[in-house]
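Dear colleague,

Please find below the structure I am handing over to you.

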Amino acid sequence: MPNRPTVLVVDDRPQNQELIANYLELLEIDVVTAVDGDEALRAVNTRDLDLVLLDVMMPGLDGFEVCRRIKSDPAKQLLPVVMLTSLNQTADRVHALEVGADDFIAKPVDRFELVARVRSLIRLKQLYDRLDDTERVIYALARAVEAKDTNTESHTERVGRAARQLGKEVGLSGSALEDLYLGGVIHDIGKIGVPDSVLLKAGRLDPAEIVQMRRHVEIGAEIVRPLRSAVSLLPIVRHHHEHFDGSGYPDGLVGTDIPLSARIVSVCDAYDAMTTDRPYRAGLTSDVALDMMYDGAGRQWDHGLVRLFIDRVLPLQIEPLKVVV
Ligand SMILES: [Fe+2]
């Protein structure tokens, strides 16, 4: 039985600490508290924490500085930090992200929002803990690739979560679901090898550029090949653009010859890409995207997975974790 996750709540007001602790009561976690920045940093350095909920306005070191110090320590930078503040200025949100905060929740804190985010971030931290050093680098690299194009912010996170959920609906369990999540997050890692002039082009790609763009699946496969987890991630990275009718790339695989994990990520990736703004077009409405999914079921995507995604996964989708500033 793994240890219960531990969450550090940092707030100079005891009543706020108590409120947050009450909100988190239903989660199977331990809550520890700190009243100021110094105490928070001591706790971070001496305890095995899974998440920090950090008030911004505190006497002495403020939340920004505490967050900056946590994130500048290589041993602690994967510890998720959520800033809690009644400040609602864009500048403060930007500041929070600049100092490395993973998320930002406005006060008064909504109970359900808090619980949902804490649950997600703890799961992410537990996943990080399972990774070896090489895998962490790959994961960080995938985030960096995504950050190059602000339009796709949180796209891969949503794809990862949807892929995990779709995997569950298909009947997969355990580490297969975590592999789907991780594969969903890093599936486009090969875009690191695609020139920005192609990746960020605000217009249709010409034939040569299409070839360059398509190479991302092979570049990605080479990046993940040395990983311990390559056996589960490589099929996703290499085959997420195969089409069910064999018209996709890079290998023109047909139907169930396409690895199941790649078919799952392909469906989740397509829907999220369609409904998100891209450099060359605004995001489609959900209805239009669904029409296109139905239309492409059996040709581009596995029809059974499209149906499961629309019937069972989409209704569960929640907002991305990252704050849009
Ligand atoms: Fe891709």
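For the helix packing described here, an axis is a line fitted to the C-alpha atoms of a helix over the stretch in contact, and angles run from 0 to 180 degrees between N-to-C directions. Please note that this is a predicted model.

With that convention, helix 2 (residues 37-46) and helix 3 (residues 63-71) pack at an angle of about 20 degrees, and their axes are 10 Å apart. Angles under 35 degrees count as roughly parallel, so helix 2 is roughly parallel to helix 3. Their crossing is right-handed. On the helix 2 side, G37, A40, L41 and V44 meet E65, V66, R69 and I70 of helix 3.

The domain assignment divides the protein chain into domain 1 (6-124) and domain 2 (131-316). The C-alpha centres of domain 1 and domain 2 are 31 Å apart.

Helix 7 (residues 155-170) has 16 residues and, at 1.5 Å a residue, should span 22 Å; its end C-alpha atoms are 22 Å apart, in agreement. Because 14 of its 16 residues are buried, helix 7 is largely enclosed by the rest of the structure. After helix 7 comes G171, which has a positive phi, near 110 degrees.

The axes of helix 7 and helix 8 (residues 175-186) come within 7 Å and cross at roughly 155 degrees. The two helices are therefore roughly antiparallel to each other, and helix 7 passes helix 8 in a right-handed crossing. Residues making this contact include V159, G160 and A163 of helix 7, and L177, L180 and Y181 of helix 8.

With kind regards

Notes. Residues are numbered from 1 along each chain as its sequence is written. This is a predicted model: local features need pLDDT of at least 70, side-chain atom pairs count only at pLDDT 80 or more; totals for chains, interfaces and linings use all residues. Domain bounds come from an automatic or database domain assignment. Helices (H or I, at least four residues) and strands (E, at least two) are DSSP runs, numbered from the N terminus. The expected span of a helix is 1.5 Å times one less than its number of residues. A residue is buried if 20 or more other C-beta atoms lie within 10 Å of its own, exposed if 12 or fewer, and partly exposed in between; C-beta atoms are placed from the backbone. Angles under 35 degrees count as roughly parallel, over 145 as roughly antiparallel, 65 to 115 as roughly perpendicular and the rest as oblique. A crossing is left-handed if the near helix is turned anticlockwise from the far one by less than a right angle, and right-handed if clockwise. Two residues are in contact if their C-beta atoms, placed from the backbone, lie within 7 Å.
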